Amino acid sequence: MSLIDSISLPRRLRLPRVDGLIQWIVPLTIIAIWQVASVTGFVPSRVLPAPSDVLLAGWKLLVSGELVRNIWVSFWRASIGFLIGGSIGFAFGLANGLSQLSAKLTDTTLQMVRNVPHLALIPLVILWFGIDESAKLFLVALGVFFPIYLNTLHGIRTVDPQLIEMGRIYGMTDGELFHRVIFPGALPSIFVGIRFALGIMWLTLIVAETIAASSGLGYMAMQAREFMLIDVVVLSILIYALLGKLADSASRVLERATLSWHPAFQKR
Amino acid sequence: MQTALRTSLPETELASRAGFAPHARVVREERQGERQARSSGLPLSIRGLRKSFGSNEVLRGIDLHIPAGQFVAIVGKSGCGKSTLLRLIAGLDKIDAGSISFGQNTQPEDIRVMFQEPRLLPWARVLSNVEVGLGRDRASGDAHTRAEKALTEVGLADKRDQWPSVLSGGQKQRVALARALVSRPRVLAFDEPLGALDALTRISMQRLLERVWRDQGFTAILVTHDVAEAVALADRVLVIDEGRIAHDVTINAARPRERGSAELASLEGSILSNLLSAEDRT
Ligand SMILES: Nc1ncnc2c1ncn2[C@@H]1O[C@H](COP(=O)(O)OP(=O)(O)OP(=O)(O)O)[C@@H](O)[C@H]1O
Ligand SMILES: [Mg+2]
């Protein structure tokens, strides 16, 4: 996904200084229009509060410490769930990509489990774990597992066999072959998996926190809904968006750093 | 009728069948003396070599001796088993029957192959790609210096820190050559290494190949589609047909060879007509 959109971009036309700013023009314009529409009463504030009101709500929650605590809880759940699900997915992807036996043993089972939408498990998960932390971690880990597993597996399976043969001819041991040929060859695909997984991670967390939680951003939004605090609801949604963007940017930075050899990431 | 055509046939018969120009003798004896003195190459003996893929008998008994340091070109129509023969020599596939021996104990680093595709690691800089060629010596202290020397040899010292993706096709192939040369191989097998290059790059690569071969004295085995290339570079051209060596032509022209000279042209013509007549039969 990421590779394809970066390939099709006409990079030559970009000016480096403007490049960082240009992407903010559209969101800032939307916010400006929104503010004007709210202030003039074109959009009633019980439907959508003005951006300034949302900011104010944010400031109040920040001062009370509630905002930081909830963001931290959500961030923690997202990261730990991602780490657990991601590492298991990566491990299975490696094992099944490198070993026929392992693939025969587990791939079919995993593909079957994949067809169950993981959010459909929420009732079951609540029965198992209650609204404990482990319920959220389990759901996030499960959601993250499949994109990472599938893309790692695909990456390893599609490493150029001619390069692997070359490595063998030049006397690489299995370990060397893995870290010099197979892993770097699979890396672009693994990154695609990571970025899919980040999206699923936030989605799962929002749903899980909205339905079954006693802290976190989703919980904060649900509480606010009960008290008709629409500015806090909008604030939570915006913070989710920002966190999602942050995670995506982090993965892009990592991608750029590790795939600098890839023609799609070279400056022209 | 093809079964009668063997390398063991009397040379007169082979020569008359092949219709070669008189100065292109079909040889059985080996011109070992003159080159072996300065050569670090290994001699190569192949006896009764057979290889099939399922019911497809690709090689049906190859008998061949290549003296140390000789430059041999292998030509033949597409699918006749040239690559298969090369892969067997390089130890990449299993032999069905027969034997290949190099006269003495060989290290894996002694035998190197170069393919039509450069097969460079896209995620390694040019210099690290060349270092891959050192085999088990990769970790040694002088790996860098040796790789740099090999890069200089192919004229790409200034590209050492580039990614392969920014190199031209000919440059990539030169990096692949440096990688093959860096371990000082004693047998170097080429499978159409220049097949994907344009005519001019081809000629400069041919000169480069000839130069490093003369400098280093390895035994060179070049599979090629291009008879002119075979005649320009090789001491000896083997024509493979029906899974056997159908013709074995010595090229005695002096080096450096003049491209397009009448002597080479007539040799090229006779080898080509051979290939074409083989093509007509099928
Ligand atoms: N791994 C393989 N499995 C099955 N058949 C194979 C395999 N490799 C080669 N062959 C068959 O062996 C025959 C000879 O193939 P080979 O690649 O040696 O031909 P070639 O002389 O190199 O042809 P070209 O000039 O087109 O490269 C072909 O008929 C091919 O289909
Ligand atoms: Mg071939």
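Helix H7 of chain B runs over residues 199-216. Its 18 residues reach 26 Å from first C-alpha to last, close to the 26 Å expected at 1.5 Å a residue. The expected span is 1.5 Å times one less than the number of residues. Helices (H or I, at least four residues) and strands (E, at least two) are DSSP runs, numbered from the N terminus.

This is a predicted model: local features need pLDDT of at least 70, side-chain atom pairs count only at pLDDT 80 or more, and totals for chains, interfaces and linings use all residues. Residues are numbered from 1 along each chain as its sequence is written, chains are lettered from A and ligands numbered from 1 in the order in which they are written, and side-chain values use heavy atoms, with hydrogens and water left out.

Stay with H7(B). Its buried residues include Arg202(B), Met205(B), Gln206(B), Leu208(B), Leu209(B) and Trp213(B). Buried means under 20% relative accessible area, exposed over 50%, and partly exposed in between (1.4 Å probe, protein chains only). An α-helix has 3.6 residues a turn, so residues three or four places apart point the same way. Gly217(B) follows H7(B), and its phi is positive, near 70°.

Now turn to ligand 1.

A side-chain N or O atom of Asn56(B) is 3.3 Å from an oxygen of ligand 1. For Cys80(B), a backbone N or O atom lies 3.3 Å from a ligand oxygen. For Ser83(B), a side-chain N or O atom is 2.6 Å from one. The protein covers 57% of the 630 Å² of accessible area that ligand 1 has on its own. Such areas come from the Shrake-Rupley method with a 1.4 Å probe; for residues, only the protein chains shown count as cover.

Next, the cores. A nonpolar core is a set of buried Ala, Val, Leu, Ile, Met, Phe, Trp, Tyr and Cys residues joined through side-chain atoms within 4.5 Å. The largest has 98 residues, and Phe190(B), Val237(B) and Ile271(B) touch the most other members. Helix H10 (residues 174-211) of chain A supplies the largest share of this core, 13 residues. A second, separate core has 30 residues, among them Val58(B), Ile62(B), Val113(B) and Ala189(B). In soluble globular proteins, nonpolar side chains tend to be buried together.

Some polar side chains are buried too. His247(B) sits in strand S9 (residues 244-250) of chain B. His247(B) counts as buried because its relative accessibility is 6%. Its side chain makes a polar contact of 2.7 Å with the side chain of Asn274(B). A polar contact is a pair of N or O atoms within 3.5 Å; within protein, one must be able to donate a hydrogen and the other to accept it, and residues adjacent in sequence count only if both atoms are side-chain atoms. In chain A, Ser74(A) lies in helix H5 (residues 66-98). Ser74(A) is buried, at a relative accessible area of 0%. A 2.9 Å polar contact joins its side chain to that of Glu209(A).

The backbone has some points to check. The peptide bond from Arg255(B) to Pro256(B) is cis, with omega near -5°. Pro256(B) lies in the loop between S9 and helix H9 (262-281) of chain B. Arg119(B) is not a glycine, yet its phi is positive, near 50°. Arg119(B) is buried, at 9% relative accessibility. Met228(A) also has a positive phi, near 60°. Met228(A), by contrast, is exposed, at 72%.

Finish with chain A as a whole. It has 12 helices and 0 strands. Its C-alpha trace spans about 75 × 55 × 30 Å along the principal axes. Of its 268 residues, 41% are buried.
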